[in-house]
Amino acid sequence: MKDASNKKLILDFMKEHNLTKKKFCEMCGIGVPALNKFLNNNPGFRISLLSKIAKLIGVEIKDLFILVDEKETDEHF
């Protein structure tokens, strides 16, 4: 399955500001396990988590996702 999350925005922000996951999460007000869920494409992360991340890095929630071509995903079903 194609990865639909735009982890690059988060990871680039962390690198640019020399932040560890722990420090990034402290700044967002979220836990490291919650961030890891999103970064590892695990289900169960909350929209409120994405809202906090998006606010910190200065993007909209929708920017944290990549559009996936339906033709590519249909092949997996």
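## Cysteines

The sulfur of C25 lies 6.3 Å from the closest cysteine sulfur, that of C28, which is too far for a bond. The model is a predicted one. Seen from C28, the closest cysteine sulfur is in C25, at 6.3 Å, again too far for a bond. A disulfide is counted when two cysteine sulfur atoms are within 2.5 Å, and the structure holds 0 disulfides.

Both residues can also be described by their accessibility. C25 has a relative accessible area of 1% and is therefore buried. C28 is buried too, with a relative accessible area of 8%. The cut-off for buried is under 20% relative accessible area.

## Helices α2 and α4

Two packed helices are described by the angle between their axes and the distance between the axes. Helix α2 covers residues 21-28 and helix α4 covers residues 47-57; their axes come within 9 Å and cross at roughly 100°. Angles of 65 to 115 degrees count as roughly perpendicular, so α2 and α4 are roughly perpendicular to each other.

On the α2 side, the contact is made by F24, M27 and C28; on the α4 side, by K52, I53, L56 and I57. By class, this contact of α2 with α4 has 6 nonpolar residues, 1 charged residue and no polar ones. C28, part of this contact, is the buried cysteine with 8% relative accessible area.

L64 is in the loop between α4 and α5, the latter spanning 70-74. Its relative accessibility is 0%, so L64 counts as buried.

I53 belongs to the α4 side of the helix contact. L64 and I53 are 11 residues apart in sequence, and their C-alpha atoms are 8.9 Å apart in space.

Definitions and conventions: Residues are numbered from 1 along each chain as its sequence is written. This is a predicted model: local features need pLDDT of at least 70, side-chain atom pairs count only at pLDDT 80 or more; totals for chains, interfaces and linings use all residues. Side-chain values use heavy atoms; hydrogens and water are left out. Axes are lines fitted to C-alpha atoms, for helices over the stretch in contact, and angles run from 0 to 180 degrees between N-to-C directions. Helices (H or I, at least four residues) and strands (E, at least two) are DSSP runs, numbered from the N terminus. Angles under 35 degrees count as roughly parallel, over 145 as roughly antiparallel, 65 to 115 as roughly perpendicular and the rest as oblique. Contact means heavy atoms within 4.5 Å. Ala, Val, Leu, Ile, Met, Phe, Trp, Tyr, Cys and Pro count as nonpolar, Asp, Glu, Lys and Arg as charged, and the others, Gly among them, as polar. Buried means under 20% relative accessible area, exposed over 50%, partly exposed in between (1.4 Å probe, protein chains only).
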